[in-house]
Amino acid sequence: MSLVRNQLIAHISTAIAAGTLPPAAGSIVRLFGAETTWLQTDSALRIAGTAAVIGEPDGPGNGQTGIHYLFRNAASLGGGSTEMARNIISERVLGMPREYAADRDSPFDQVPRGR
């Protein structure tokens with residue numbers, strides 16, 4: 001996955017510099033990184049089993065697998081959520097229409113709130 005990530009970074013960086021991709025394409029790398037972190041952490045937890053939970057120093061991952069699992073959500077939130085990255089990719093890179101919002105043209109203090 002690290003090799004794929006590095007190649008993805010190189011490809012997207014080159015395309016942005018050449019003008020064939022918009023700067024927002026960097027969100028593809030961000031989304032790939034977050035998804036990869038989730039996959040790697042979940043796989044390590046399955047392999048480590050209970051050793052990941054109790055943090056045995058001599059166990060798989062030297063007791064760090066459980067800590068990595070607890071902080072895996074940080075990869076999805078740091079630098080903007082993965083949902084934001086998906087929206088940026090769909091709207092700015094793929095040119096898809098923006099999601100409908102009835103209050104888009106209303107000032108924030110005039111947006112109806114509550115039920």
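What share of the contacts in the protein chain with a separation of 6 or more comes from residues 24 or more positions apart? The share is 59%, with contact meaning heavy atoms within 4.5 Å. This is a predicted model, where local features need pLDDT of at least 70, side-chain atom pairs count only at pLDDT 80 or more, and totals for chains, interfaces and linings use all residues. Residues are numbered from 1 along each chain as its sequence is written, and side-chain values use heavy atoms, without hydrogens or water.

**Overall build**
- The protein chain has 6 helices and 0 strands; helices are DSSP runs of H or I with at least four residues, strands runs of E with at least two, numbered from the N terminus.
- The radius of gyration, taken over C-alpha atoms, is 20 Å, well over the 13 Å from the globule rule for 115 residues, so the chain is more spread out than a compact globule.
- That rule is 2.2 Å times the number of residues to the power 0.38.
- Along the principal axes, the C-alpha atoms fill a box of roughly 60 × 50 × 15 Å.
- Of the 115 residues, 24% count as buried (under 20% relative accessible area, 1.4 Å probe, protein chains only).

**Helices α1 and α2**
- The axes of α1 (residues 2–18) and α2 (residues 26–48) come within 9 Å and cross at roughly 170°; axes are lines fitted to C-alpha atoms over the stretch in contact, with angles from 0 to 180 degrees between N-to-C directions.
- That makes α1 roughly antiparallel to α2 (an angle over 145 degrees).
- Val4, Arg5, Leu8, Ile9, Ile12 and Ile16 of α1 meet Gly26, Ile28, Val29 and Phe32 of α2.

Methods: Parallel < 35°, antiparallel > 145°, perpendicular 65-115°, else oblique. Buried < 20%, exposed > 50% of the residue type's maximum accessible area, 1.4 Å probe, protein only.
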